[in-house]
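Biologist: I'm new to this one. Can you put it up and take me through it?
Modeller: Here it is.

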Amino acid sequence: MIRIKVPATSANIGVGFDCMGLAVSLYSNVDFEPSKKKLEIYGCPEEFRNENNLVYKAFVNTCDFLNEPVPNVRITIENNIPVARGLGSSAFCIVAGIKGANDWFDAPLSNDEILDLATNMEGHPDNVSPAIYGKLGVSFIDENKDVQTVHFNVNPSLRFVTMIPNYEVSTDKAREILPTEMSYSEAIYQVGHAVALSKAMELGNLKLIRECIIDKMHEPYRSKLIPDYENAKNICEKANGTMYISGSGSTMMAIVDNEKNAEKIVENTKKDFPDWKVYHLNVDTKGAISEVI
Ligand code: HSE
């Protein structure tokens with residue numbers, strides 16, 4: 001049996017809209033085994049146990065890419081990444097399906113090829129890159145339509161707390177709400193802050209992160225779609241932390257530089273929002289991992 005373990009990913013990190021993404025220590029697994037039937041899927045709601053399942057679609061796409069026949073397969077999904085909350089649940093499915101098929105045929109694809117395939121399916125590389133490589137990824141699609149990605153180490157002193165509301169924000173709505181233009185001075189602001197943020201994360205300099213992370217491209221608009229945004233921000237700031245909207249939301253991700261303050265955020269979020277899911281996480285440094293069991 002092939003087991004693929006994929007980390008949750010948190011895109012944007014404030015000022016890195018559509019280009020930065022962070023892998024965090026919340027994991028989902030998918031097992032791939034030979035089957036007598038064309039397709040068996042377990043571990044997900046009935047409506048996803050068919051050929052439209054995203055893990056299976058990525059598996060089939062990869063078999064086609066490799067010019068291999070699609071084998072009969074039993075897929076068992078253990079998903080801990082909440083769906084449609086801005087934590088890379090679709091990147092998880094896509095990366096797991098691609099890596100599952102790649103390993104089925106003795107791993108002919110490099111991670112860069114896996115990234116190209118995954119970006120084609122997802123439409124953007126900001127989640128799939130850290131899902132494959134771990135760490136903090138900065139990615140873009142170049143003029144030849146190839147994906148370029150680089151990775152930064154994140155200082156292990158930094159702690160991350162997911163504040164996951166019990167409501168969704170639709171990605172379509174979160175994109176529709178954005179303006180179509182920004183000024184030259186705002187672009188300069190954004191570039192400077194984003195580049196400095198990568199280094200500040202590497203250094204673990206929370207004071208600098210707090211300054212760098214303040215975004216002008218999407219958060220001011222998207223925060224209006226999250227009714228508890230200001231309350232969540234207050235909880236983070238009281239624990240000396242900062243916060244950004246993870247992906248297109250609704251999750252908000254707190255950053256602090258010690259365990260005690262991370263736990264303070266967990267406790268206060270659970271107290272004020274008992275229906276939310278709150279996890280104290282680290283950065284994942286390995287990305288998706290395959291295991292033959
Ligand atoms: N970068 C994307 C966005 C992530 O913020 O819309 C969600 O897919």
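Biologist: Is Asn231 buried, partly exposed or exposed?
Modeller: Keep in mind that this is a predicted model. Asn231 counts as partly exposed, because its relative accessibility is 41%.

Biologist: Where does Asn231 lie?
Modeller: Asn231 is in helix α9, residues 229-238.

Biologist: Let's move to the ligand. Which residues are around the ligand?
Modeller: Asn12, Phe17, Asp18, His124, Asp126, Arg175, Arg222, Gly247 and Ser248. That shell divides into one nonpolar, four polar and four charged residues.

Biologist: Why does the ligand lie between domain 1 and domain 2?
Modeller: Because both domains give residues to the shell around the ligand. Domain 1 covers 2-153 + 284-292, and domain 2 covers 159-281.

Biologist: How far is the side chain of Asp18 from a nitrogen atom of the ligand?
Modeller: An N or O atom in the Asp18 side chain is 2.5 Å from that ligand nitrogen.

Biologist: Which polar side-chain atoms lie by an oxygen atom of the ligand?
Modeller: Arg222 has a polar side-chain atom 2.8 Å from a ligand oxygen. For His124, the distance from a polar side-chain atom to an oxygen atom of the ligand is 3.2 Å.

Biologist: And how much of the ligand does the protein bury?
Modeller: The protein buries 91% of the 260 Å² that the ligand exposes when taken alone.

Biologist: Back to the shell. Where does Asn12 lie?
Modeller: In the loop between β1 and β2. Its side chain reaches the backbone oxygen of Gly247, at 3.0 Å.

Biologist: Is Asn12 buried or exposed?
Modeller: Asn12 is buried, since its relative accessible area is 2%.

Biologist: Now charges. How many salt bridges does the count come to?
Modeller: Eight. Side chains of opposite charge can pair when their charged atoms come close. One of the salt bridges joins the side chains of Asp18 and Arg175, at 2.6 Å from N to O.

Biologist: Which parts does the pair of Asp18 and Arg175 tie together?
Modeller: Asp18 lies in the loop between β1 (2-11) and β2 (20-34), whereas Arg175 is in helix α5, residues 171-176, so the pair ties together parts that are 157 residues apart in sequence.

Biologist: What is the relative accessibility of Asp18?
Modeller: It is 26%, so Asp18 counts as partly exposed. Arg175 is partly exposed as well, with a relative accessible area of 39%.

Biologist: Which residue forms a salt bridge with Arg85?
Modeller: Glu168, and the closest N and O atoms of the pair are 3.9 Å apart. This pair links distant parts of the chain, 83 residues apart. Glu168 is in the loop between β7 (159-164) and α5, and Arg85 is in the loop between β4 (73-78) and α2 (89-104).

Biologist: Are Glu168 and Arg85 buried or exposed?
Modeller: Glu168 counts as exposed, at 52% relative accessibility. Arg85 is buried, with a relative accessible area of 14%.

Biologist: What about Glu202 and Lys199, how do their side chains meet?
Modeller: In a salt bridge, with 2.9 Å from N to O. Both residues are in helix α6, residues 184-203, and they are three residues apart, so about one helical turn separates them. Glu202 counts as partly exposed at 29% relative accessibility, and Lys199 counts as partly exposed at 44%.

Biologist: Change of topic, the backbone. Which residues does a cis peptide bond join?
Modeller: Gly249 and Ser250, with omega about 5°. Ser250 has its place in the loop between β8 (242-245) and β9 (252-256).

Biologist: What is phi of Asn67?
Modeller: Phi of Asn67 is positive, about 60°, although this residue is not a glycine. Asn67 lies in the loop between α1 (54-65) and β4, and is exposed, with a relative accessible area of 72%.

Biologist: And phi of Lys145, what value is that near?
Modeller: Phi of Lys145 is near 70°, which is a positive value in a residue other than glycine. Lys145 is in the loop between β5 (136-141) and β6 (147-152). Its relative accessible area is 70%, so Lys145 is exposed.

Methods. Residues numbered from 1 in each chain as written. Predicted model: local features only at pLDDT ≥ 70, side-chain atom pairs only at ≥ 80, totals over all residues. Heavy atoms only, no water. Near = heavy atom within 4 Å. Polar contact = N/O pair within 3.5 Å; in protein donor to acceptor, adjacent residues only side chain to side chain. Areas by Shrake-Rupley, 256 points an atom, 1.4 Å probe, with all protein chains shown as cover. Nonpolar A, V, L, I, M, F, W, Y, C, P; charged D, E, K, R; others polar. Domains from an automatic or database assignment. Salt bridge = Lys/Arg side-chain N within 4 Å of Asp/Glu carboxyl O. Helix = DSSP H or I, 4+ residues; strand = E, 2+ residues; numbered from the N terminus. Buried < 20%, exposed > 50% of the residue type's maximum accessible area, 1.4 Å probe, protein only.
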